[in-house]
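Biologist: I've got a structure open and I'd like to learn how to read it feature by feature. Could you walk me through it?

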Amino acid sequence: MDSTRFCVVVAAYNSMKWIKGTLDSISEQDYDHYTVCVVDDASTDEGQADFIEAYCKSQGWEYILREKHVGAMGNQVAAINRICLYDDDVIVIVDGDDRLASYDVLSYLSHVYSKGTVDMTYGSYIPDPPSPTCPMPRAYPQEVVAAGNYRTWTRKHGIIFNHLRTFKYGLFKQMDEDVDFKWPDGKWFEACADTAIMIPALELSGGRHRYISKKLYI
């Protein structure tokens with residue numbers, strides 16, 4: 001029986017070349033207990049906003065069509081707030097030019113979260129095409145987890161909280177939007193939305209996170 005409720009968030013900007021594959025990889029999941037919100041960030045790709053609107057209507061998904069470019073940070077926050085309801089909802093971040101690696105990604109994640117000892121995950125992915133700049137997927141060292149010093153370690157060694165990134169809505173609700181996601185002038189961060197969310201989530205999880213070696217994301 002499906003148990004975990006997933007909230008899949010897709011922020012897309014000028015992704016017309018890939019967006020159908022992105023959305024197909026979500027709609028073709030063999031798991032039913034999920035909801036989706038897709039945000040078009042005022043794309044200039046011809047037809048992208050119309051495509052997203054039509055696709056989401058056909059699936060019964062939520063969507064947001066921006067008139068002004070905001071950036072991934074603001075769009076992800078808006079989508080999360082639109083579709084998440086419960087602390088145990090699990091947010092799944094899928095970029096508009098990427099896709100889930102197989103039809104059973106959500107089923108696999110549901111099994112991971114059903115154990116009740118995990119509040120967030122990060123993992124391994126398949127770069128397409130391969131790129132030497134993609135960081136090596138791996139877990140945080142146990143001494144870092146024990147001390148909770150993710151910021152210090154990440155500044156020195158780089159990001160390892162790779163796709164697929166998932167976390168419970170209860171963690172997200174504890175974050176301060178104005179402090180964690182915006183500049184002092186109130187503008188959303190223009191880049192590194194993944195870092196802005198994942199570092200606080202790691203800290204708030206109290207070590208209740210899991211590195212997944214199975215490749216769930218392309």
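This is a predicted model: local features need pLDDT of at least 70, side-chain atom pairs count only at pLDDT 80 or more; totals for chains, interfaces and linings use all residues.

Biologist: Fine. What covers the buried residues of H4?

Modeller: The cover includes E1, E2, E4, E5, E6 and E7. Helix H4 spans residues 105–113 and lies across those strands, running at about 165 degrees to E7.

Biologist: And which residues of H4 are buried?

Modeller: Buried means under 20% relative accessible area. In H4 that gives Val-105, Leu-106, Leu-109, Ser-110, Val-112 and Tyr-113.

Biologist: How do I read a pattern like that on a helix?

Modeller: The general idea is that an α-helix has 3.6 residues a turn, so residues three or four places apart point the same way. Here, looking down the axis of H4, the buried residues fall within an arc of 160 degrees, so they line one face of the helix.

Biologist: On to the sheet. In what order do the strands come?

Modeller: First the general idea: strands of a sheet pair through backbone hydrogen bonds, either parallel or antiparallel. This sheet is open, with 7 strands in the order E3-E2-E1-E4-E6-E5-E7 and mixed pairing. Strand E3 (62–65) and strand E7 (209–217) are the edges, each pairing on one side only. On average, neighbouring strands are turned by 20 degrees against each other, ignoring direction.

Biologist: Which sense do E5 and E7 pair in, parallel or antiparallel?

Modeller: Parallel, over 6 bridges, with E5 covering residues 120–125.

Biologist: What about E1: are its residues buried or exposed?

Modeller: 7 of the 7 residues of E1 are buried, so the strand is largely enclosed by the rest of the structure. To read a strand, take its two faces in turn. Phe-6, Val-8, Val-10 and Ala-12 are buried on one side of E1, and Cys-7, Val-9 and Ala-11 are buried on the other. E1 runs parallel to E2, joined by 7 bridges, and Ala-12 stands opposite Asp-40 in E2.

Biologist: Where do I find Asp-89?

Modeller: Asp-89 sits in the loop between helix H3 (72–83) and strand E4 (90–95). Its relative accessibility is 2%, so Asp-89 counts as buried. Leaving out residues up to four places away in sequence, Asp-89 touches Arg-5, Cys-7, Cys-84, Phe-167, Lys-168 and Tyr-169.

Biologist: Now helix against helix. At what angle do H3 and H9 pack?

Modeller: The angle is about 55 degrees, and the axes are 8 Å apart. H3 and H9 are therefore oblique to each other. The residues that meet are Ala-72, Met-73 and Gln-76 in H3 with Ala-193, Ala-196 and Ile-197 in H9. By class, this contact has 5 nonpolar, 1 polar and no charged residues.

Biologist: Let's do backbone torsions. Which residues does a cis peptide bond join?

Modeller: Omega is the angle to read here. Asp-128 and Pro-129 are joined by a cis bond with omega about 5 degrees, and Pro-129 is in the loop between E5 and helix H5 (142–147). The bond from His-163 to Leu-164 is cis too, with omega near 0 degrees. Leu-164 belongs to the loop between helix H6 (150–157) and E6.

Biologist: And phi? What is the value for Asn-14?

Modeller: Phi of Asn-14 is near 50 degrees, a positive value in a residue other than glycine. Asn-14 is in the loop between E1 and helix H1 (19–27) and is partly exposed, at 23% relative accessible area. Cys-192 also has a positive phi, near 60 degrees. Cys-192 lies in the loop between helix H8 (177–180) and H9, and at 53% relative accessibility Cys-192 counts as exposed.

Biologist: Last one: what does Ser-3 touch?

Modeller: Apart from neighbours within four places in sequence, Ser-3 is in contact with Tyr-31, His-33 and Ser-110. Ser-3 lies in the segment before E1 and is partly exposed, with a relative accessible area of 47%.

Key. Residues are numbered from 1 along each chain as its sequence is written. Side-chain values use heavy atoms; hydrogens and water are left out. Helices (H or I, at least four residues) and strands (E, at least two) are DSSP runs, numbered from the N terminus. Buried means under 20% relative accessible area, exposed over 50%, partly exposed in between (1.4 Å probe, protein chains only). Contact means heavy atoms within 4.5 Å. Axes are lines fitted to C-alpha atoms, for helices over the stretch in contact, and angles run from 0 to 180 degrees between N-to-C directions. Angles under 35 degrees count as roughly parallel, over 145 as roughly antiparallel, 65 to 115 as roughly perpendicular and the rest as oblique. Ala, Val, Leu, Ile, Met, Phe, Trp, Tyr, Cys and Pro count as nonpolar, Asp, Glu, Lys and Arg as charged, and the others, Gly among them, as polar. Two strands pair if DSSP finds at least two bridges between them. The arc is that of the directions from the helix axis to the C-beta atoms.
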